[in-house]
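My comments follow as numbered points, to be read with the coordinates open beside them.

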Amino acid sequence: MNPRRTPKALLASGIALLTIASLAACSSGAAETGGSDSASGPSGTDPDTFTVLSANENTTLATELDALAAGACKAEDKALPLEHETVAQADVVQKVTLLASQDSLPAHFIAGTAMVRPDGDLGAADLVLDYKSALTDLGVWDQILPAASSTIENVYGQMVSLPYQYNLEGIFYNKKIFAELGIEEPKTFDELLDASATLKDAGYTPFAEAGAAAWPLTRLIGMYAYRLVGPEAMTAIRDDKAKLTDDGYVEAAQAVADLADKGYFGQGFVSTDPAAATNAFLTGEAAMKYDGTWLLSNINDPAQNKIGEDNIGFMPFPAVDGGKGSIDQWPANAGTAFAMNPKSYGPKVGAWLKCIAENYGSQALADAGVISGFKVNEEVPDLPVTTAAIQEQVASVDETVLWFEALMDGKSTSLAQSNVSLLVTGQLSAEDYMSQLQQSIDQNR
Amino acid sequence: MKRVFGDRKTIIILLAPTLVLYIALKVVPVAWSLGLSFFEGNTLRGFTFVGIDNFAKFVQDPAGIQSLWVSIIFAVLATAGQIVFGYLLALLYVFVLRKGSAFIRTAVFFPMVLPTVAVALLFKSFVAVGDNQGPVNDVLNFLGLGSVEFLASTVGTMGVALAMTWWSSMGFYAVLLYTGLLDIPDEVIESARIDGANGIRLVRHIVLPLSLPILISSIIFSFNSTLKVFDSLLALNGGGPGTTTAPLTLYMYRTAFEYAEYGYGSTIALVLTLLCLVFTLAVFRSTSKKSAEA
């Protein structure tokens, strides 16, 4: 050993020790981070601005809040001016974690699904406002549709998000192509397979499928499982009362792999992005598309929709023979989590919250055709035909289910979505797909 | 001048500003990251000291081990291609094109200045299938073969990633190695030729040994950059299909920033640093042996 190296080694060890010591000091400080009690009225301190942190990808929210600031919420905006900050959807967890640890969370912010749950990083630190008690105190709890609040509570375990969207998911289909080939709306999965075969033989792509985004594929697995195993299918997995390796779940993965194998998703679907898949459906190249009702903004845009809005039907995912689930159980979601910081929930922020709850529903529906989970207090005339039909559908839904990964932890969600491309290309069997996923869920429980 | 550099105080005064910056921007973050690898948590949840648990976790983590292999396989193949193609190009510049090589040198070097993400998107569209089919599948169709969805398979994605890396960087290594070849005195080449060494024998016995130092530097340089590959594989296929082409860097990024596990993320970063160190030392050792034998 070279004796001259000893001081260097000592220096390096010293730096490492110092680092560890400073981190250890840090740990106690960070653990103390906690929010104020959000149970009673606006108890925080108003910030200088009503800053809303939203995703770059979601321009509708910023546009509609701006419209409210210039209209129905003018007084609130004058008292506490609205400001926007944006973040890429993929960086939400990182950004919000950093902002929260620096005590710099904006008044109203987007957050990761797992973060706002009671045991999540924000939930455990008491950094998310309980909207139920806040809106009740403000006297506007009735402005949230019961279906929307129940969906939010199911996903996040508490009422910590505002329903800027309220989406049902199902299969959009091209009525003209169905009529041309004499296809009736499929009520069972077997009928869906027959319809797909007819469509493929006629030269159409049965399903426009955005495999690059992965979730459109995992949604199909989830829906098949809900129809076969029943509406408690994914709750049972969360509560460890069933395993994804049980027959019904494996059959669900196999069913989707078979759809891909038969070529019903079209050529190159694994690398197709959502915009290209939407384009394939709205130009009449593909006959069906499983999607959420957020697709309405594309359907209502004549520049994108070349098949005409009258030509689009919307049906639920069909029933599976012998399954315990029903075709009337619609998958629903209330958009991304949008929380409020209890520390900055003062009277002026409370006024903004009240104004949003009372006016966002009408504003978003009239302006962008977006169906939200807020009550629509003003009649919106001349609604596009598909929007009107879906709004009616939303109102008539009694029972909802969640989506495949809704109750999974972040890592398992990521695994479900990254491995699905291996499943649908035959590189991973349905058994292995489900067993790897179950293993991840068990490890992160 | 000698007096100035012989003065200890002067040396300290001249070095101090740069050294302080270097320590603040390089040494401290590295040490900080090293320290973090013994903790679990994040800035919001707080950190808990877990000793060597993160290292034990990595050894038993199938996703971590898979990423480690992806990094190693990619680095070995990418480096081999970059150096072999670069060296062949350098030989072409020096012995075939000679003084007329300037244009070819520039043209082959050009992709190096393009952003890797742009190159990845370009190659993605080259191999696309479906409505916007790319030229690669057009050629396959022209030859009577069916279209292939390259990015749907691990081998296909890795192949495209390697082709992309070679295409964009071989020009750089060609120029680097070209400068090494230019340093070989003409007289040595001439006398070897007079002695009857031509073609492959000339390259093997004269050119290769004389350009060994720059070749070794290139190999180390290439290994260290390809082991840290991130943006190109992320932009090409997001580390997919599945996570089969996700290198350590991508796994580290996801662990630290998507799952907010800073401690385990730092452990993965440390593994990557050790890997770079091991590769560099291995190349150094093998060459120092060769030099000693020579």
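## Notes on the model

1. **The core.** The largest nonpolar core has 199 residues, and A:A111, A:Y224, A:A253, A:V256 and A:A339 touch the most other members. A nonpolar core here is a set of buried Ala, Val, Leu, Ile, Met, Phe, Trp, Tyr and Cys residues joined through C-beta atoms within 7 Å. A residue is buried if 20 or more other C-beta atoms lie within 10 Å of its own, exposed if 12 or fewer, and partly exposed in between, with C-beta atoms placed from the backbone. Helix α8 (residues 154–182) of chain B supplies the largest share of this core, 12 residues. Domain 1 (50–166 + 334–376) and domain 2 (169–332 + 403–443) of chain A both contribute residues, so the core lies between them.

2. **Ground rules.** This is a predicted model, in which local features need pLDDT of at least 70 and side-chain atom pairs count only at pLDDT 80 or more, while totals for chains, interfaces and linings use all residues. Residues are numbered from 1 along each chain as its sequence is written, and chains are lettered from A and ligands numbered from 1 in the order in which they are written.

3. **Chain A overall.** Chain A holds 18 helices and 10 strands; these are DSSP runs (helices H or I, at least four residues; strands E, at least two), numbered from the N terminus. Its radius of gyration is 24 Å, close to the 22 Å that the globule rule gives for 445 residues, so chain A is as compact as a globular protein of that length. The radius is taken over C-alpha atoms, and the rule is 2.2 Å times the number of residues to the power 0.38. Along its principal axes the C-alpha trace of chain A spans about 80 × 70 × 40 Å. Buried residues make up 51% of the chain.

4. **The two domains of chain A.** The bounds quoted in point 1 come from an automatic or database domain assignment. Taken over C-alpha atoms, the centres of domain 1 and domain 2 of chain A are 29 Å apart. Their contact takes 10 residues from domain 1 and 9 residues from domain 2, where two residues are in contact if their C-beta atoms, placed from the backbone, lie within 7 Å. On the domain 1 side, helix α7 (residues 146–156) of chain A gives the most, with 3 residues. That side has 6 nonpolar, 4 polar and no charged residues. For these classes, Ala, Val, Leu, Ile, Met, Phe, Trp, Tyr, Cys and Pro count as nonpolar, Asp, Glu, Lys and Arg as charged, and the others, Gly among them, as polar.

5. **Around strand β3 of chain A.** Which residues is A:A111 in contact with, leaving aside its neighbours within four places in sequence? They are A:V92, A:V96, A:V116, A:L122, A:A337 and A:A339. A:I110 lies in strand β3 (residues 108–111) of chain A and is buried, with 25 other C-beta atoms within 10 Å.

6. **Helix α4 of chain A and what follows.** In α4 (residues 92–101) of chain A, 7 of the 10 residues are buried, including A:V92 and A:V96. A:D103 follows this helix and sits in the loop between α4 and β3 of chain A. A:D103 is exposed, with 10 other C-beta atoms within 10 Å.

7. **Backbone checks.** Most residues other than glycine have a negative phi, and most peptide bonds are trans. A:D103 has a positive phi, near 60 degrees, and A:D382 has a positive phi of about 55 degrees. The peptide bond from B:G240 to B:P241 is cis, with omega near 5 degrees.

8. **Chain B against chain A.** The contact takes 33 residues from chain B and 37 residues from chain A. On the chain B side, α2(B) gives the largest share, 6 residues. That side divides into 18 nonpolar, 11 polar and 4 charged residues.

9. An unreviewed UniProt entry annotates "transmembrane region" on chain B, with residues 12–32 and 150–181 among the spans. Positions are given in the numbering used here, feature names are shortened, and annotations may be inferred rather than shown by experiment. Residues 12–32 of chain B are 100% helix and 0% strand, with end C-alpha atoms 26 Å apart.
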